[in-house]
Amino acid sequence: MARVLVGVKRVIDYAVKIRVKPDKSGVVTDGVKHSMNPFDEIAIEEAVRLKEKKLASEIIAVSCGPTQSQEVIRTALAMGADKGIHVEVSGKDYETLQPIHVSKILAKIAQNEKVDMVIVGKQAIDDDSNQTAQMTAAVLDWPQATFASKVEKGDKEITVTREVDGGLETIKCKLPVVISADLRLNEPRYATLPNIMKAKKKPIAKVTPKDLGVDVSPRITVVSVEDPPVREPGVILPDVDALVAKLKEGGHV
Amino acid sequence: MIKNVWKLPLRISNSTKNNGFPVTKYWIHSQPNFTKNNFNIKRGNFSHVEEEHLYFFRKLLGESRIITDLSDLEKYNVDWNKHLRGASTIVLKPKTTEEVSKILSYCNNNRLAVCPQGGNTGVVGGATPVFDEIIVSTELMNKVINLDEKSGVLTCEAGCILQNMDEFLQQKNLIFPLDLGAKGSCHIGGNVSTNAGGLRLLKYGNLHGNVLGLEVVQANGTVLDLLSTLKKDNTGYHLKHLFIGSEGTLGLVTKVAIQCRLRPKSTHVAFLGLQNFNQVLKTFYKAKQDMDEILTAFEVIDTPSMELANEKLGLGSPIGDYPFYVLIETTGSNEKHDEEKLDGFLQTCLNKNFILNGTVTGEVSKYKAIWEVREKLPQGYIKDGFVFMYDMSFPLENYYKLVEDLREHMGSLSHRVFGFGHLGDGNIHIQISVKEFNQDVANHIEPYIFELTKKYNGSISAEHGMGFLKAKYLNLMKSQESINLMKNIKQMLDPNGILNPYKVLF
C-alpha cells in the first residue's frame with residue numbers, strides 16, 4: 001500500500017468577488033473568505049478513495065502558508081487525511097512564495113516521510129501557475145502524471161488517463177510518482193460531522209522552510225496588479241450592410 | 001370551479017430536416033388556456049380598452065412604454081407556474097409616481113380594471129390578469145432613491161429587483177432583510193404587496209417590521225406619502241400596514257423605505273440527515289436553545305423532495321440519503337464564536353441521536369452549493385408533470401401531518417407528494433405531482449386540503465397570499481366579521497373596484 005502526500009493550498013474562495021488593492025500591490029485578502037483550492041480538494045478526494053480501496057495506507061496533507069493555512073489542513077483531515085504538516089511561511093515571504101519554493105518543500109517532505117505518491121491539484125485558482133507538480137517531480141526525479149482525469153493503481157505502478165489538448169492520453173508510471181489532479185478526476189465529498197469531529201484530534205506538525213533546508217527568498221518582484229480592462233459595451237447595428245462596413249472598418253475582413 | 005378540462009395544446013416548433021423528413025418537436029408545457037375559460041367566473045362591470053384609452057396612454061407614456069403586441073404580452077399574461085393566462089391587451093410601463101397617479105386616476109374615471117405587476121413571480125395568480133385588466137408594470141421604476149449607510153435605511157422604487165438591491169447593499173456592508181428563491185426576478189413592490197416571507201424571516205422578521213415607509217398611489221390617483229424612514233413613529237394610524245400584504249388590491253406601491261441590517265461577518269451552513277420528523281423538531285428546539293441569537297434559517301426537506309431534485313435537477317444531498325434533511329444557517333459578527341456554538345450544538349445532536357449525519361461549512365462556495373439544493377426545488381415542478389402547489393403554516397407539532405395525510409389520500413393518483421420549507425417559521429410548502437392535470441384530481445385535492453389544514457389549526461396560505469387561486473377560500477380562514485371589515489375597507493379605498501379585481505376578496 002502506498003504512502004500518499006497531498007499538497008493543499010489556501011486560496012480565496014472561488015465564489016467571492018476579487019478586489020484589487022488601491023495601491024495595485026495585490027488583491028485584498030484581509031477579511032476575505034478563503035477555502036481549499038478546488039483542485040486540491042479533488043487531490044485529497046482521490047487519496048482518500050485510494051485509502052478506502054486499501055491501495056493507500058497513510059495520507060499526509062501539507063500546506064505552505066500563514067497560520068490560517070491550518071484551516072485548510074483541518075478540512076483535508078476531515079475529508080480523510082491521517083495527519084497534517086503545516087509549513088509556516090508568512091508575511092512578505094508568503095507574498096513571494098512561488099511553485100519553485102513549494103516544489104522543493106514538498107520534495108523534502110516526500111523524502112522525509114518516505115511517500116510513494118505525491119498528489120496535488122493541477123493549479124491553484126489564484127495564480128494559475130500549473131507548475132508545482134511538474135517541478136516537484138523534477139526535484140525528486142520521479143515520473144509525473146499531470147492533468148489526471150483517472151488514476152488506477154497497480155502494485156508498483158499506476159495507469160493514468162490525462163486530459164490533454166488533443167483528447168485523452170493514457171500513460172503508465174512506475175512508483176514513486178507525482179500526480180496532478182484535473183477537474184474530472186472525481187467529485188470531492190463533503191466532510192461529514194463524525195469525521196469533522198475526529199479531525200480535530202488528528203495531529204498537525206509545524207515546520208519552517210529553514211527546518212527543511214529550503215530557501216524561500218523571493219525570486220520575483222510583483223510590479224503591479226490591475227483589474228482586467230472593462231469590457232466595452234456592444235453596438236447594435238441596423239442591418240447586415242452596416243455590419244459588413246464595421247467589420248471592414250475594423251480591419252477584421 | 002374549473003369548467004373545462006385543461007388541454008395540453010401540442011404546438012409544432014422549429015421543424016428541422018432530418019434525412020429529408022421534417023422532425024417536429026412538441027412542447028409539452030405550452031401556454032396554458034385562458035384563466036377566464038378555465039374558471040367559472042364572471043367579468044366585472046368594467047369598460048373595455050378602446051382606441052381613445054390607447055391614445056391617452058400613448059400620449060402619457062410614449063409608444064416605447066406601452067405594449068400592445070400580442071406575442072410580447074405573453075410573458076406578462078402568463079404566470080410563473082404556467083398554469084394561468086390572462087387576456088390583457090395592454091401593458092403600461094410608467095417611470096414615475098406621477099405617471100402611475102395619472103394612469104390610475106384615468107382608469108378610475110373610465111372604469112378600467114388594472115392589474116399591478118412586479119416581477120410576475122407570484123404563485124397564486126395575484127400578478128396576472130383574469131380577463132383583460134390593464135397590466136401596470138413596475139419594470140421601469142427601478143431606481144435606488146437613497147441609502148442612509150449609517151442607519152441602514154434604503155429607499156427605493158417599487159420596481160427594484162431584490163437580488164440587485166442585495167448586491168448593491170453588499171458593497172456597503174449591509175444586507176437586505178428579505179431573501180427568497182425568486183430574488184433574481186421579483187420586485188420590492190411585489191414583495192411588499194404580498195408580505196413575502198422567504199428564507200431569512202427567522203432572523204430578520206417579516207416585512208411589517210422591516211418596512212419603515214411606503215409611497216402608495218390610491219385607486220383614484222391620490223399619491224399617499226407614507227415614506228417615513230424613522231424606526232419609531234406612532235403618529236396616527238399606521239396606514240402602511242394596510243398596503244403590506246393586500247396584494248395590490250388597496251393601492252399600488254411605488255416606493256419603499258426599508259430597514260436593512262449589517263452584513264454578517266460570519267456565515268455557516270449545516271446540512272443534516274435525520275431519522276424522522278420528531279427528530280427534526282428536537283433538533284430545532286435544541287438549535288434555538290443553543291444558538292438562538294445567530295440562527296438565521298432552519299429549513300426542512302423530505303425524501304420525495306430530494307428525489308425530485310435528484311431526478312429532475314441533477315442536484316443531491318451532500319451527505320447521502322436520509323429520511324429527512326435539515327438546512328441550518330447561522331450568521332453572526334464573530335467567526336470563532338459562531339463556530340464554537342455550532343460545533344457544540346452539532347456534537348450534542350450527534351451524541352443524543354437527534355441527527356444521523358451531517359456536514360457543516362463556513363466556506364462560501366460550499367454553502368452556496370448547499371443552499372442551491374433547497375432554493376432550486378421549485379424549478380423542478382415544471383419537469384414533474386403538473387404540480388399542485390400549496391403553502392401552509394402550522395403549529396410545529398402538526399407541521400408534517402398534512403403531508404402524511406395527503407399521501408394516503410392521493411394514493412396512486414399522485415406520483416409524488418412532497419413537503420419542504422421554513423420549519424423555523426412553521427411554514428411548509430406542500431406539492432402534489434400528477435402526470436397531467438385533470439379536474440377530478442383537482443376536486444379530490446381541493447377543498448379537502450384546506451379543510452384538513454383548518455383541522456390542524458393551520459393557515460391555507462402562509463406567505464404566498466390569496467391572489468386569484470385561493471380567494472374563494474378566505475372564509476375558511478377568517479370570520480365573517482373580519483371579511484366584512486375587509487370589504488368595507490376595499491369599498492372605501494377603491495369604490496370602483498379597479499385595483500386587481502377577482503383577487504384576495506372573492
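Predicted model: local features only at pLDDT ≥ 70, side-chain atom pairs only at ≥ 80, totals over all residues.
A residue is called exposed when its relative accessible area is over 50%, buried when that area is under 20%, and partly exposed in between. Glu51(B), with a relative accessibility of 55%, counts as exposed, whereas Arg58(B), at 27%, counts as partly exposed. These two residues form a salt bridge with each other, in which the closest N and O atoms are 3.6 Å apart.

Side chains of opposite charge can pair when their charged atoms come close. Over all chains, a search of the whole structure finds 42 salt bridges, and a few of them show what such pairs can join. In chain A, the side chains of Arg3(A) and Glu58(A) meet in a salt bridge with an N to O distance of 2.6 Å. Because Arg3(A) lies in strand 1 (residues 2–7) and Glu58(A) in strand 4 (residues 56–65) of chain A, this pair ties together parts that are 55 residues apart in sequence. Arg3(A) itself is partly exposed, with a relative accessible area of 22%.

In chain B, Glu139(B) forms a salt bridge with Lys93(B), and the closest N and O atoms of that pair are 3.0 Å apart. Here too the pair links distant parts of the chain, since Glu139(B) sits in the loop between strand 6 (134–137) and strand 7 (144–148) of chain B, while Lys93(B) belongs to the loop between strand 4 (91–92) and helix 4 (97–109) of chain B, 46 residues apart. Of the two partners, Glu139(B) is partly exposed at 22% relative accessible area, but Lys93(B), at 13%, counts as buried. Returning to chain A, salt bridges that share partners join Arg3(A), Glu58(A), Lys83(A) and Glu113(A) into one network.

The next topic is the interface of the two chains. The contact takes 25 residues from chain B and 18 residues from chain A, and together the chains bury about 1,600 Å² between them, 59% of it on carbon and sulfur atoms. Glu363(B), Ser365(B) and Lys366(B) supply 28% of the area that chain B buries against chain A, more than any other three residues. Two salt bridges are counted between chain B and chain A, and Lys366(B) takes part in a salt bridge with Glu41(A), the N to O distance between their side chains being 2.5 Å. Six residue pairs are found in polar contact across the interface of chain B and chain A. On the side of chain B that touches chain A, strand 14 (266–274), helix 12 (335–351), strand 17 (357–361) and helix 13 (364–375) each supply at least two residues. Helix 13 of chain B gives the most to that side, with seven residues.

Within chain B, Tyr204(B) is found in helix 7 (residues 201–204) and counts as buried at 8% relative accessibility. Leaving aside neighbours within four places in sequence, Tyr204(B) is in contact with Ile175(B), Pro177(B), Asn210(B), Arg261(B), Pro264(B) and Thr331(B).

Finally, the cysteines can be considered. A search of the whole structure finds zero disulfides over all chains. For Cys160(B), the closest cysteine sulfur is that of Cys156(B), 4.3 Å away, which is too far for a bond, because a disulfide needs two cysteine sulfur atoms within 2.5 Å. Cys160(B) is buried, with a relative accessible area of 1%, and Cys349(B) also counts as buried, at 0%.

Key
Residues numbered from 1 in each chain as written. Chains lettered and ligands numbered in written order. Heavy atoms only, no water. Contact = heavy atoms within 4.5 Å. Buried area = accessible area lost by both parts, 1.4 Å probe. Salt bridge = Lys/Arg side-chain N within 4 Å of Asp/Glu carboxyl O. Polar contact = N/O pair within 3.5 Å; in protein donor to acceptor, adjacent residues only side chain to side chain. Helix = DSSP H or I, 4+ residues; strand = E, 2+ residues; numbered from the N terminus. Buried < 20%, exposed > 50% of the residue type's maximum accessible area, 1.4 Å probe, protein only.
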